[in-house]
Each structure stands twice: as structure tokens, then as C-alpha cells.
Amino acid sequence: MINFFKYIYIMKYSDNVITVLGCQWGDEGKGKLIDILSKDFEIIARAAGGANAGHTIYTQDPDNPEKKKKIVFHLVPSGMMNENTICVIGNGVVLSLPTLFEELELLKENGVETNGRMLIADRTQLLFEYHQTIDGIQEEMKGKNKVGTTKRGIGPCYSDKTRRTGIRIHELLDFERFEKKYRANLELFKKMYGDFDHDAEKELGELKELSEKIKPMVVDGAYYLNKALKDEKTVLIEGANGALLDIDHGTYPYVTSSNSTIGGVITGTGIAASKINTVIGIMKAYTTRVGEGPFPSELHDALGEQIREAGGEYGATTGRPRRCGWFDAIVGNYAVTINGISEINLTKLDVLSGVSPLKIATSYTHNGEKLPSFPADLNILEKAEVQYEEMPGWEEDISGVRKFEDLPDTAQAYVLRLEELLECRISSIGVGVRREDMIFR
Ligand code: GDP
Ligand code: IMO
Ligand code: MG
């Protein structure tokens with residue numbers, strides 16, 4: 001079936017780069033789809049974000065072949081389980097090396113050989129422990145206006161990059177030069193934020209050790225990926241975060257610090273826009289958000305909690321309960337438009353079994369007038385009234401369904417209505433956590 005899926009892509013687009021992007025507020029199920037698709041790709045690359053991402057996959061438990069084991073990736077691309085792939089961290093990522101090596105170690109413990117399969121673009125920014133400390137300090141300083149970050153140091157590291165004081169991984173290859181820059185940076189931060197606790201000697205010691213380990217992994221990312229494309233290799237790009245968390249297009253300032261939309265894929269890998277035609281958007285069959293910020297279709301009642309429990313909606317990175325709400329077609333349509341989504345993977349349809357009627361947010365009004373587009377001004381968004389369409393739900397457990405036609409009529413109608421509202425084809429539907437729990441149509 002998967003090979004057929006690939007066949008369709010090649011027939012339809014005759015390109016060998018495919019991108020997968022989250023189209024809501026993250027956690028749409030990118031890890032699972034990347035894990036499935038990775039069978040048909042030679043290279044899997046991350047382009048943006050950092051260890052704020054938490055991408056869940058299920059694999060065979062090496063101690064108990066009957067059982068599936070959950071693995072959460074933060075930095076390692078989710079295609080790593082497939083041992084025929086090469087995984088690349090693109091230059092747009094902010095990289096905590098200890099976190100990366102912890103993940104590689106975890107994979108080893110699970111019987112996955114990663115040696116020689118993990119590459120890092122030489123222009124990748126390094127994220128240090130002090131970035132994480134400052135993330136916490138900044139959140140505290142913001143008080144009730146805090147963003148609700150993952151405290152992984154993402155904002156401070158990207159700020160360092162744009163302030164042009166960041167340190168890139170190629171600099172770590174010359175440790176003496178690196179150390180001077182690291183110390184100067186730390187001093188700069190202490191001038192800005194006061195004398196916070198930080199054990200620089202310990203971190204430098206760890207980094208010195210890792211600087212040897214990374215030597216064979218560091219490559220010119222853009223050169224490597226473009227050469228691979230020239231050699232007709234296949235590349236799958238794994239998005240992180242989600243469209244509404246994008247620094248430009250999301251619900252600013254309640255966003256992450258990078259472009260999690262298509263622009264970030266291009267700058268974050270060095271693969272030109274003209275080469276990327278297939279952009280798969282992922283959306284849950286409802287909506288979730290973790291952290292602060294507006295969420296127009298949020299459910300504040302028992303039904304929201306029911307969906308959270310049924311969907312296991314707890315953050316894969318921080319464990320925080322995710323806020324849950326109805327599917328928002330305004331959000332979805334916006335994400336389709338700004339990313340140029342060519343097809344959609346709708347996930348977690350199984351979670352909606354037993355919820356009836358279902359509601360879909362179809363428009364927002366402000367002061368009695370329909371908003372023509374997703375508003376930039378959060379005051380408007382927060383005050384906006386949401387118009388919903390209602391549809392009957394279904395009671396059946398659909399997790400065993402593999403063909404669209406075998407879904408209950410009401411589930412089929414729900415998917416078809418979303419397709420209409422999103423003005424984009426839904427080509428696959430998730431009905432469970434495992435690789436095989438997917439309907440292709
Ligand atoms: P990501 O950040 O986009 O990779 O998504 P997360 O891993 O943070 O969260 C998605 C969660 O939903 C994970 O626990 C997945 O195992 C789970 N999941 C993915 N697709 C489906 C699906 O179709 N049905 C159900 N029930 N769970 C799913
Ligand atoms: P994946 O890739 C869900 C959210 C945080 C916070 C805001 C800013 O798993 O879908 P940051 O630490 O980036 O400065 O936090 O963005 N956020 C995510 N929410 N999934 C993610 O990634 C997220 N990455 C960041 O919760 O609200
Ligand atoms: Mg996640």
C-alpha cells in the first residue's frame with residue numbers, strides 16, 4: 001500500500017522531495033506519518049525548530065516482540081527507525097547536542113543502528129544550557145503574559161542567531177575558537193539578564209567530548225541535499241511545530257521563534273522553493289493547543305476533557321495537558337493557503353467516536369461582521385464570535401477500518417465536508433497510533 005502511495009506521488013508530481021507540515025498548533029501526528037513514509041525515502045531531514053518538538057512513534061519492543069513501544073523524538077528525524085535512511089538536521093534547526101545524543105543512545109538501546117546515518121548541516125545553530133535557563137527567566141519576566149514555552153531554549157537561541165551572536169556547529173570543530181566565543185556570549189547574556197546560575201566549565205567539558213563525536217556527522221547541508229537530489233535520491237522533509245505557531249503567520253506573540261511553515265523548510269534546508277511541489281499538511285480531526293494564546297474553537301467543558309482523555313492529549317515534550325476544541329476550518333484553510341498544501345493527512349478521526357453532534361468552526365465575526373481572513377490582531381481574535389456547523393457523529397470504534405468506504409456514513413460525510421471547507425484533498429486518515437492505523441484514499 002505504501003509503495004502505491006509513493007507511486008501516486010511520483011506520477012502526480014514527478015519530484016523527489018516531499019514535505020510534511022503541521023497545520024494547526026502542533027502535535028498533529030507528524031512523527032507517525034514520517035515514520036510510515038520513511039520506508040520510501042532515502043533521506044529524512046528536519047528543517048526548523050528544536051527540541052520543542054515532540055514527535056511520537058510506536059515501534060516493536062525489543063524485549064517483548066508482541067508489544068509496541070512508544071518513542072518520542074525531539075531532534076532526531078522520525079524516519080530514523082527505518083535503517084535504510086540517512087537522517088539530516090538542517091541548518092534551520094536550533095540544536096542541543098546533549099539532547100541529540102541522548103536520543104541516539106535511546107535508539108541504540110532499542111536496537112536501532114544509527115552509526116553513519118545521522119548528519120548535521122554545518123550552518124546549524126547550537127543551543128546551549130544557558131539558552132534554556134534564559135528561556136525560563138524570560139517567561140518569568142513576562143509574568144501573566146508568558147508564552148507558555150517548552151523551556152527548551154528555543155526563543156533565546158533564535159534571538160542569538162538573528163542578533164548575529166549565535167554559534168554554529170562548524171565552529172565547534174575548532175574548539176579553542178569556539179570556547180572563546182561561548183564565554184563571550186555567556187558574558188553578554190549575564191549583562192542582559194543578571195548573574196544567573198550556570199556551570200560553564202561542565203557544559204564546555206561535555207561539548208569538548210561531543211566535538212569529537214560530531215566530526216564525521218557535520219556536512220554542508222545544502223550542498224549534501226542538493227547533490228542528493230541531483231543524484232535522483234528521494235528526500236522527505238519533516239516539519240516541526242505547526243502553522244499557527246509560525247513566528248510570522250501564527251498567533252503572535254504566542255508562537256515559537258521560527259518559521260514552521262513552508263518558508264522555514266526552504267531556508268532551513270537550502271532546497272529551493274521551485275523543487276518542492278508536494279507539501280502534505282497534517283491536521284487532527286479536532287484541534288489542540290498546548291501553552292498560552294488564543295484558541296477560538298476551544299472547549300472549556302467536560303467534552304473537552306473527554307477528547308483529551310480519548311486522544312491522550314498530553315504534551316509529548318512537557319507532559320502538559322493539551323487544550324482541546326472543535327475542528328477549525330478557518331485555521332485549516334489559512335494553513336493550506338500559506339503553505340501551498342497539496343494534500344492533507346487527517347489524523348485521530350478514531351478519537352471522535354462517540355462524540356455527537358460534531359461541530360466545525362466555519363467563520364468568525366467581529367462587531368457583527370464576518371472576518372475575511374485569519375486576523376493578525378489578537379484582541380480581535382479573542383473577541384471574535386465563532387460560527388459553527390453541526391454534523392451527526394458516530395458511535396462505532398473505527399480503529400480497525402482500512403478503507404474509506406468502510407467508515408460509518410457520518411464519518412465519511414465529516415471528512416468530505418472538511419475537504420470542501422479546506423479546499424484541499426484529504427488523502428489519508430489516521431485511525432490509531434500504530435503505523436498500520438491509516439486509511440489511504
Ligand atoms: P507530532 O508532534 O505532530 O509528531 O505529534 P505528537 O506525537 O506530539 O502527538 C500526536 C499523538 O497522537 C501521538 O501520541 C501519536 O501517537 C498520536 N496519534 C497520531 N495519529 C493518530 C491517530 O490517527 N489516532 C490516534 N488515536 N492517535 C494518533
Ligand atoms: P511539535 O513539533 C505543540 C508551543 C509551546 C508554546 C509555544 C512557544 O511536537 O508539533 P517554544 O518552546 O517553541 O518557544 O514555545 O509553542 N510549541 C509547540 N506546541 N507542538 C510543538 O511541536 C510545539 N513547539 C512549540 O507549547 O506555546
Ligand atoms: Mg508533538
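## Rings, ligands and fold: a briefing

Lys-190 lies over the face of Phe-196, with 5.4 Å to the ring centre; a charge counts as sitting over a ring if NZ of Lys or CZ of Arg is within 6 Å of the ring centre and within 35 degrees of the ring normal. The model is a predicted one, in which local features need pLDDT of at least 70 and side-chain atom pairs count only at pLDDT 80 or more, while totals for chains, interfaces and linings use all residues. Residues are numbered from 1 along each chain as its sequence is written, chains are lettered from A and ligands numbered from 1 in the order in which they are written, and side-chain values use heavy atoms, with hydrogens and water left out.

**Overall fold**

- The protein chain holds 13 helices and 20 strands; these are DSSP runs numbered from the N terminus, with helices being H or I of at least four residues and strands E of at least two.
- A compact globule of 441 residues would have a radius of gyration near 22 Å, and the protein chain agrees with its 22 Å. This radius is taken over C-alpha atoms, and the globule rule is 2.2 Å times the number of residues to the power 0.38.
- Along the principal axes, the C-alpha trace of the protein chain spans about 65 × 50 × 45 Å.
- Buried residues make up 57% of the 441 in the protein chain. Here buried means under 20% relative accessible area, exposed over 50%, and partly exposed in between (1.4 Å probe, protein chains only).

**Aromatic rings**

- Rings of Phe, Tyr and Trp (its six-membered ring) pair if their centres lie within 6.5 Å; planes under 30 degrees apart count as stacked, over 60 as edge-to-face and the rest as tilted. By this rule the count comes to 12 aromatic pairs.
- Take Phe-178 and Tyr-182 as one example: their ring centres are 6.0 Å apart and their planes stand at 45 degrees, so the pair is tilted. The two are four residues apart in helix 6 (residues 175-193), which puts about one helical turn between them. Both Phe-178 and Tyr-182 are buried.
- Tyr-334 and Phe-374 make a stacked pair, with 5.1 Å centre to centre and 15 degrees between the planes. This pair links distant parts of the chain, 40 residues apart: Tyr-334 is in helix 11 (residues 329-339), and Phe-374 is in the loop between strand 17 (369-370) and helix 12 (378-383). Tyr-334 and Phe-374 are both buried.
- One aromatic cluster is formed by Phe-128, Tyr-130, Phe-175, Phe-178, Tyr-182, Phe-189 and Tyr-193.
- Arg-441 also lies over a ring face, that of Phe-404, at 4.3 Å from the ring centre.

**Ligand 1**

- Ligand 1 is surrounded by 19 residues, the closest being Gly-29, Lys-30, Gly-54, Thr-56 and Asp-350; a residue is near a molecule if one of its heavy atoms lies within 4 Å of it.
- A polar backbone atom of Lys-30 is 2.7 Å from an oxygen atom of ligand 1, and a polar backbone atom of Gly-31 is 2.8 Å from an oxygen atom of the ligand.
- Gly-54 has a backbone N or O atom 2.8 Å from an oxygen atom of ligand 1.
- On its own, ligand 1 has 580 Å² of accessible area, and the protein covers 94% of it. Accessible areas come from the Shrake-Rupley method with a 1.4 Å probe; for residues, only the protein chains shown count as cover.

**Ligand 2**

- Asp-27, Lys-30, His-55, Thr-150 and Thr-256 come nearest among the 21 residues around ligand 2.
- A backbone N or O atom of Asp-27 lies 2.7 Å from an oxygen atom of ligand 2.

**Backbone details**

- The peptide bond from Tyr-252 to Pro-253 is cis, with omega near 5 degrees, and Pro-253 sits in the loop between strand 10 (235-238) and helix 9 (262-269).
- Another cis peptide bond runs from Ser-356 to Pro-357, with omega near 0 degrees; Pro-357 belongs to the loop between strand 15 (343-347) and strand 16 (358-366).
- Glu-232 is not a glycine, yet has a positive phi of about 65 degrees. Glu-232 counts as exposed at 67% relative accessibility.

Technical notes
A polar contact is a pair of N or O atoms within 3.5 Å; within protein, one must be able to donate a hydrogen and the other to accept it, and residues adjacent in sequence count only if both atoms are side-chain atoms.
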